[in-house]
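The following note sets out numbered points for a colleague who wishes to read the model with care. Please consult the structure alongside the text.

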Amino acid sequence: MKLKHYGRFYSVFYVFNIIFLSVLALLCILPLINILAVSFSTSHYVVAGRVSFWPVGFTRASYYIALSDPRFWGSFSISMQRTIIGGVVNLLMTIFVAYPMSKDTKYFPARNRYMMYVFITMMFSGGLVPTFLVVHYTGLIDTIWALILPGAVNAWFIVLMLNFFRQLPKEIEEAAIIDGAGHMTILFKIVLPVSKASIATIALFAMVGHWNSWFDGMIYARTLARRPLATYLQSLLTADVAREMARHMPAEAQHYMSLLNTRTLRAAIVFLNALPIIMVYPFLQKYFAKGLVLGSVKG
Amino acid sequence: MEKRPKRRRKSTTYGMSTIPLHLMLLPAVILLFIYRYLPMGGLVIAFQNFDITMGIRAFWESEWVGFDNFMRIFGDDAFTRALRNTLTIAIGKMITMYFFPIIIALMLNEIRISALKRGIQTLVYLPFFLSWVILAGIIRDILGMDGIVNTLFFSQNPRFFLGDPSLFQPMLIITNIWREFGYATIVYLAAITSVDPEQYEAAMVDGATRLRQTWHVTLPGMRPIIVLTGVLSLGGILNAGFDQVFNLYSVPVRATGDIIDTLVFRTAMVGGQFHVGTAIGLFNSAVGFLLIITANGLAKKFAGYQVF
C-alpha cells in the first residue's frame, strides 16, 4: 500500500498518532515505575517529593522490613496454596464440565439441561450475605477451601474450553470409539493431549485469578494468619504501615526505620504482590488475546 | 421446548453409554448446587427478621416480615444515595469504555511499525491483569497529597484527589479507563484484522482518503462487534465496580462514592444486619438479572450472540 493514496494530511496524522499512543502507553506504565522507585528510595527524599521514576537514595530497607514480617510469609504461603490447589481444581472442573457439554445434543440429550444449570449461575447469584452464610454453615470458614470451593466451577472458563473442544476434528475420536475406547480414555488419551495450549491458558487465568483474589480472604478468613497475600495488602492500604511493622521488627533491623516510612513500605508490598503477575505477564498476554477473542466474538 | 427428532445420527457415538458423562458432571453439579443455588434459596432472609443467633434454624424459624425490609431500604437516604452514585458511576464508565477503546483500536491499527505497535499493546494491556487492590495501592500513592501527580503538576496547591467528594467519581472513571481500555481494544483489533483487504483496495481505486476508508470500510466491518459490546454493556448499569470503589473510597467521599455493593457490605458484614443487606443485594441482583437477560436477548437479536 502506498501512503500517497491516504490523503494530504495523513503523514501529519501518522506522526501525531505515534506520539499520542506512545505517551498513552507510557501513562499506563509510569505509575508502576513510580511505585517501584518509591519502594527503593530513602524515605526523606520521598517525603520531599524528589522521587519520580528512579530511586533517590537507593535502599532495600523497605523490602528488608516487609520481608522480615512473619505475617507476610504466612499470607504468602496461603496465597501459594490457594493458587496451586485452586488452579488445579478450577482446571479439573472446567475439563469435566466442558467435555460432556461438547457432545452432540442428539447423543447426549441431557446436555441442554446441564447447560441451563450452569448458565443460570452466570446470570443470577444469591449475593454476598447468603453465600457467606452457606460458606459459614458448610464449615469452611478459616480453611483454604473457603477460597477454592465457592468459585471452583467457573462458567467463563467452561465457555472457553467448550468452544475449543468443539473445534477438534471428530475423526480421531471416532477411530478410538471403533477401537472400543470409553469416554475417560477418549478424554485423557485423545482430547487432552491435543488441548495443551487451552489447558495452559485456563490454568494460567485460574491461577492469576486466585493470586489476585482478596475479598473472599477478607470475609472467610477470620484468623489473620489465614489471609492470602492480596487480603494482607488490602488491610495495609489504609493502615499506618511503618508504625505497625515496627512492632514486629527484629531488633537488629531497628536502624532501618530512619530509611523508610509508610509510603515506601506500602510501595514495596504492592510491588511484591504484583511481581508474580508481571513475571507471567508475557504468557498471559500471548494467550489472553486468543482466549478473549475466542470467547466473545464467536457466533 | 423444541421437539427433538427421533432418528439417531448414524456414525460418531454408536450406542455408547452416557453414564460416564453424567459422572464427570456430578462434582460440578454438586458444587454449583451448594455454593450457587443454596445461596439463591438463602435469599429468603430478605423477607425475614433474620436472627443469626438461632443457628441454621434461623432460615425457617425467623419471623417473616414480608416486604418490610424493602420498604425500609427504599425509605433510607443512604440507599437512594448509593443507587444514584451506582448509576452515575456505572454509566460514566460505560460511556467512556464504549468510545475510548474503539478510537484507540482504530489509531493502533494505523501504526505500520509492528515492533512499536506490539510494544504499545504490551504496556496498555498490563494494568488489566493487576487486581484493584494492587492498583489501589498504586493510585492511593500517586494521587496522595505528597504523591507524584501533586508534586509534578500541582505543587503550588496540591489536590486531595481521593478525599474530595467532587473529584472522586471522575477519579473512578479515569482509573477505570487506565486499567481496562487496553484490554478492551483486543476484540476491536481482532475485528479490524478480519476486514477484507480487497475492500480497502477498492476504496483506494475510488480515491478514498484514509479517513474515508476508516469511515466506509473499517467501521462498517467492525459494526457487529461494536453493536454487540454496546448491547452487552447495558447489563452492567448497576455494576459500578465493588473492588475498585471499596479499595479507593473513604468516609469523606461517601456522599459521591458509596455504591450499592459497598452499602451491602457495610450493612451486613460490618453492621451485622444480614436481612437488610440481603434485601439490598436482592434488589440489585434482581434488577441486574433483568438487565442482563434483556441485554443478552437484544444481543442475540441484533448480533446473533449466544454465550453457549
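1. A residue is called buried here if 20 or more other C-beta atoms lie within 10 Å of its own, exposed if 12 or fewer do, and partly exposed in between, with C-beta atoms placed from the backbone. By that criterion, buried residues make up 39% of the 299 residues in chain A. For chain B, the buried share is 40% of 308 residues.

2. The model is predicted: local features need pLDDT of at least 70, side-chain atom pairs count only at pLDDT 80 or more, and totals for chains, interfaces and linings use all residues. Residues are numbered from 1 along each chain as its sequence is written, while chains are lettered from A and ligands numbered from 1 in the order in which they are written.

3. On confidence, pLDDT is the predictor's confidence in each residue, from 0 to 100. Chain A has a mean pLDDT of 89, and 95% of its residues reach 70 or more. Over residues 295–299 of chain A the pLDDT is below 50, and this stretch has eleven contacts in the model beyond near neighbours in sequence; a contact requires that the C-beta atoms of two residues, placed from the backbone, lie within 7 Å. Where pLDDT is low, the predicted coordinates should not be read in detail.

4. As to secondary structure, helices (H or I, at least four residues) and strands (E, at least two) are DSSP runs, numbered from the N terminus. Chain A has 14 helices and zero strands. The radius of gyration of chain A is 25 Å, well over the 19 Å that the globule rule gives for 299 residues, so chain A is more spread out than a compact globule. That radius is taken over C-alpha atoms, and the rule is 2.2 Å times the number of residues to the power 0.38. The C-alpha atoms of chain A fill a box of roughly 75 × 70 × 35 Å along the principal axes.

5. Chain B has 14 helices and two strands. Its radius of gyration is 25 Å, whereas a compact globule of 308 residues would have one near 19 Å. The box filled by the C-alpha atoms of chain B is roughly 80 × 75 × 30 Å, again along the principal axes.

6. Among contacts with a separation of 6 or more, residues 24 or more positions apart account for 70% in chain A and for 68% in chain B.

7. Chain A is divided by an automatic or database domain assignment into domain 1 (3–68 + 249–297) and domain 2 (70–224). Their centres, taken over C-alpha atoms, are separated by 32 Å. The contact takes eleven residues from domain 1 of chain A and ten from domain 2 of chain A. On the domain 1 side, α3 (61–67) and α14 (262–297) of chain A each supply at least two residues, and α14(A) gives the largest share, nine residues.

8. Between the chains, 84 residues of chain B are in contact with 87 residues of chain A. Helix α1 (residues 19–42) of chain B supplies the largest share of the chain B side, 16 residues. By class, the chain B side has 57 nonpolar, 18 polar and nine charged residues; Ala, Val, Leu, Ile, Met, Phe, Trp, Tyr, Cys and Pro count as nonpolar, Asp, Glu, Lys and Arg as charged, and the others, Gly among them, as polar.

9. Glu174(A) lies in helix α8 (residues 170–178) of chain A. Glu174(A) is partly exposed, with 15 other C-beta atoms within 10 Å. The C-alpha atoms of Glu174(A) and Ile186(A), twelve residues apart along the chain, are separated by 9.5 Å.
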